[in-house]
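Please look through the sequence and the structure below before reading on. The report that follows moves from the whole fold to single residues.

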Amino acid sequence: MRSSLLFGLLPLAHAVRVIQSNDDGWAEINVRTFFNSLAGAGHDVVLSGPAENQSGRSSLDAPPTTVDSDGCQFQSCPGGSPPTGANASDPRLNYVNSFPVTSIKTGIDTTGPNIFNGGGKPEIALTGPNVGSNLDIQVPFSGTVGAAVFAAHDRKIPALAFSGASGEPTAFNQPAPLYSKVYADLALNVTSTIIASGTPYLPNDVWLNINFPKVSDSKCSKASDFKFVLSRINLGIFSAKDTLWCGTDRLPMERTVINSGCFASISPGDAADKTTVDAARQKQVLDKLKPILSCLP
Ligand SMILES: *[C@@H]1O[C@H](CO)[C@@H](O)[C@H](O)[C@H]1NC(C)=O
Ligand SMILES: *[C@@H]1O[C@H](CO)[C@@H](O)[C@H](O)[C@H]1NC(C)=O
Ligand SMILES: *[C@@H]1O[C@H](CO)[C@@H](O)[C@H](O)[C@H]1NC(C)=O
């Protein structure tokens, strides 16, 4: 009985090859907490994140350079370290001394295939959780989004970008704050749902922009307090109708969702231009996410 109980608690149907990145830096606690959740769930996960904080660098890409004399962020590598490197005791944790796009590109093309069991390219790309929201007008500037969009558009790997409203930049060797654990649980839930929906995990050229609201001890303090809501990135007044859902053909804006309480927004984005995707592809994403979606009250 014990084994079937444990099996029932396992969040995943099967393990996949995951490439992970972010823009706050490879040594920021959110990306590490999520890495641990993904590994704990049995995934074949490789982190390839920037050596330094590269917040707001959008889709910039440049060859990595030798780490400066200060070392990587939070003293996570010594000054003068090579342009790319790995944690000495865990080769799955990798830094790239350049932009978020360069980091995920290196992970997808080189580091991942060298480390994944049996090789091969990543089956899904996950970025963040970013420290701070990435909503509507912030989306084009975000490195967390830039890296996800690179994976989806340039490498045709389904990509999910996660961001959370709570928290301050925190080092990898600090205890994981409550928000970081809650965001990792929520991000794993969305990831598992997409994987369970079967391949292709997302329609062509689509990525998901996922934003979590604030976590506090008094409300929204655990993953089960949250609901997921399908949303749109940019204001849609002049655009074509959205897919019909929750009784309307206009999906709510991300900001409306996360300001409504313990609701996380999930926007299907167009990887060609980082805006909301067309209704036909929204519908495909809706069908995949239906098991976890709710409507706003
Ligand atoms: C390297 O990995 C070890 C073992 O997982 C961990 O304890 C340490 O914090 C990591 N250091 C960095 C800089 O990633
Ligand atoms: C990165 O820099 C931005 C501003 O450029 C700042 O808001 C953010 O807190 C920093 N993040 C980290 C992890 O240091
Ligand atoms: C995922 O989130 C949904 C909606 O909040 C919830 O019903 C479900 O139990 C969660 N699944 C896991 C494995 O946490």
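This is a predicted model: local features need pLDDT of at least 70, side-chain atom pairs count only at pLDDT 80 or more; totals for chains, interfaces and linings use all residues.

## Overall build

Along its principal axes, the C-alpha trace spans about 55 × 55 × 40 Å. For 297 residues, a compact globule would have a radius of gyration near 19 Å, and because the protein has 18 Å, its value agrees with that expectation.

Among the contacts between residues at least 6 apart in sequence, 75% join residues that are at least 24 apart.

Buried residues make up 56% of the 297 residues in the protein. The protein exposes about 12300 Å², and carbon and sulfur atoms supply 56% of that area.

## Charged side chains

The protein carries 23 positive and 25 negative side chains, and the centres of these two sets lie 6 Å apart. Side chains of opposite charge can pair when their charged atoms come close. Counted with a cut-off of 4 Å between a side-chain nitrogen of Lys or Arg and a carboxyl oxygen of Asp or Glu, the total comes to 14 salt bridges.

One of the salt bridges joins the side chains of Arg 255 and Asp 136, with 2.9 Å from N to O. Arg 255 lies in helix H6 (residues 254–258), whereas Asp 136 lies in the loop between strand S5 (124–131) and helix H4 (143–154), so this pair ties together parts that are 119 residues apart in sequence. Arg 255 counts as partly exposed because its relative accessibility is 36%, while Asp 136, with a relative accessible area of 14%, is buried.

The side chains of Lys 222 and Asp 225 also meet in a salt bridge, again with 2.9 Å from N to O. Lys 222 counts as partly exposed at 45% relative accessibility, and Asp 225 counts as partly exposed at 27%. In a further salt bridge, between Asp 242 and Arg 232, the closest N and O atoms are 2.6 Å apart. Asp 242 and Arg 232 both lie in the loop between strand S8 (227–230) and H6, so the pair ties together parts that are 10 residues apart in sequence. Are these two residues, Asp 242 and Arg 232, buried or exposed? Asp 242 counts as buried because its relative accessibility is 5%, and Arg 232 counts as buried because its relative accessibility is 3%. Arg 232 and Asp 242 are linked with Arg 250 in a network of salt bridges.

## A closer look at Ile 258

Ile 258 lies in helix H6, the helix that also holds Arg 255. With a relative accessible area of 10%, Ile 258 is buried, because buried here means under 20%.

Which residues is Ile 258 in contact with, leaving aside its neighbours within four places in sequence? Ile 258 is then in contact with Ser 133, Leu 135, Asn 211, Phe 212, Pro 213, Phe 263 and Ser 265. Phe 141 is 117 residues from Ile 258 along the chain, and the C-alpha atoms of these two residues are separated by 20 Å.

How values were computed. Residues are numbered from 1 along each chain as its sequence is written. Chains are lettered from A and ligands numbered from 1 in the order in which they are written. Side-chain values use heavy atoms; hydrogens and water are left out. The radius of gyration is taken over C-alpha atoms; the globule rule is 2.2 Å times the number of residues to the power 0.38. Buried means under 20% relative accessible area, exposed over 50%, partly exposed in between (1.4 Å probe, protein chains only). Contact means heavy atoms within 4.5 Å. Accessible areas come from the Shrake-Rupley method with a 1.4 Å probe; for residues, only the protein chains shown count as cover. Lys and Arg count as positive and Asp and Glu as negative; His and the chain ends are not counted. The place of a charge is taken as NZ of Lys, CZ of Arg, CG of Asp or CD of Glu. Helices (H or I, at least four residues) and strands (E, at least two) are DSSP runs, numbered from the N terminus.
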